[in-house]
Amino acid sequence: MAAQTIAGGTGSGAVVTRHLVVGDVSHQYSVTPDPVAPLLVAELTTEPGGATRAMEFLRRPETASSTVSVIGAAGQAGTVTLGRVPVELWASFGVTPEFEAQLRGALEAAGSQELSGVDLSALAPLMLLRTHRGAERPFTEVLMCGRVRSLGTLFVRVARFAHAAESGIAELVSGALELSASLQDNVRIEGNAYTSYEKGIEIEQKVNVYDEVSIWSLTQSLWSAVENGEFNGFITDPGYELTRWHFIQHNFEVTAPASEVGHIAFQETPSGTYQLKLKRFAEDALRREEIVYKGIDIPGADFSGYLRREYPDIEFRRLPSLTRTRFDINVQSVITGNYFGIETDEVLVLDPRGPKLRQVEMEYLETRWHEGMDPSTIDDDMNRLTELVEEHLAKRGIAAERTFYSKLSFLKDCVRRSDQDVLGV
C-alpha cells in the first residue's frame, strides 16, 4: 500500500485494535537479514476509546493472543486461531515455548508448512500497531520497539498513517514497515532516546509533607500505586524505576545583583571534588534557571574563597549546611512521552537541634523522542501528576500542602528562627 503520514489528531476512534509484530531484527537494525524469517502478527486485547499513545509498555501477560497472522518472506499471509485461551507470546528476551508450541500445532492442523525449519528464538519484538478503525478517517499508529527488558518491552510511536477501513493486517504491516525508519536512531539507540524541552530550566512542583512519616515507606506506597495502575497514563521507567540519592550540601544565598539572585550549593562527592548547583530565581516558582558544574576541586573546602575568585561580581551569605536523602520514582506519560521524577526528600540541617523538611517533588526531567511531540504538554502533565500524588497522600491520611517552597527558603527560615532564638524573640 502507499502509506502516507497524517499530521495532527489525537484520535477520536471508538475502538483501537492492537497488533504486536515479531520478526527478524534486520527490520530495525543494519544486520544481515534472515531470508526465510517470517513476521508473526499477534492480535492483542482491543482498547476502548480512541486515545493515541506516545508509548506502550507490554509486560508478559499483555502479549497474550489467540489470533496470529504469519506473513512469510514473500509477503503471503495466513491467520490461525490458537485456542480459546490467549497465550503469552513474549517473555523477557524471546518467544515463549507455550506460544511456539501452540502456533506450530495450529499451523500443522491447518496443513501449513509456513514455519518449517524456522527458528523462532531468533525473532525480536519489532512493532506495536494501534489501529483506530472507528475514527472518521481510519489510521494506524506505528510504535517501534524502544527498549527490551526482563520486565517487558517498550514501544515508541514513530509515525501514523491513514488507510481504508477495510485494510487487512498484511496491508497494515506493509504500510508500517514503510514508515518504520522514522526517528530510527532515537528509538534503536537507547542513548539517543530523550531530549529536554527547556534546557537549563528546572521545572518542579513540590508538596510539603507535615506528618512524621518514613520517606522510604512513602516511596514504596507511591511506587506500588503507579505499578498497580492508579496513576492512569503514567508508568514507571522500565529498568530504571527507582533511584536512591544522598547528599551533603553546603549552601550560599546570592543576594546581589538582582540578575544573579538565587542559591549556590556545593555537594560533596566520593572523589573529594564537589558538584556545584547554581540556581537563579527571585522567588519560589515552578520554573527556575539551573546550571550544574561537576568535578570542582576546592582545597580546604574554602567555598567562600572559591565564590570570591570565580564570581567576583556577586554578593552572598553563608547558610547552614544540610544532608539530603532522596528516593526517586521515575515515571513516564504514555500519552505525551514526558518523563518525570516523583522525588521524596528528607532534608536535615547539620545541627542536632535543627529543623527538618520533608517534601515530595514532581520534577520534569526530559521527553522521549516520538512522533507528535508537543512541548505545551509539560504543565498539564505536571499538574495531573501532582494531583495524583496529593490524592495518594490524602488516602493515607498524610497532612500535606502543594507549594513551591525551595530549599533556599527553608534554610533562610532556619536562620531567621535561629536569630530570633538568640534574641529571645
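Predicted model: local features only at pLDDT ≥ 70, side-chain atom pairs only at ≥ 80, totals over all residues.
The side chain of Thr 219 has a polar atom 2.7 Å from the backbone oxygen of Ile 215. Residues are numbered from 1 along each chain, and side-chain values use heavy atoms, without hydrogens and water.

**Thr 219**
- Thr 219 lies in helix H4; helices are DSSP runs (H or I) of at least four residues, and strands (E) of at least two.
- Thr 219 counts as buried because its relative accessibility is 1% (buried means under 20%, with a 1.4 Å probe and protein chains only).
- Beyond neighbours within four places in sequence, Thr 219 is in contact with Leu 242, Phe 327, Ile 329 and Thr 344 (heavy atoms within 4.5 Å).

**Second largest pocket**
- A pocket is an open set of points on a 1 Å grid where a 1.4 Å probe fits, with protein on both sides within 12 Å along at least five of seven lines; lining residues have an atom within 4 Å of a point.
- The second largest pocket holds about 580 Å³ of space, a volume filled by probe spheres set on the points.
- It is lined by 23 residues, and Phe 57, Glu 62, Phe 234, Ile 235 and Val 334 are closest to its centre.
- Strand S4 (55-58), helix H4 (215-227) and strand S16 (234-236) each give two or more residues to this lining.
- S4 gives the largest share, four residues.

Definitions and conventions: Buried < 20%, exposed > 50% of the residue type's maximum accessible area, 1.4 Å probe, protein only. Polar contact = N/O pair within 3.5 Å; in protein donor to acceptor, adjacent residues only side chain to side chain.
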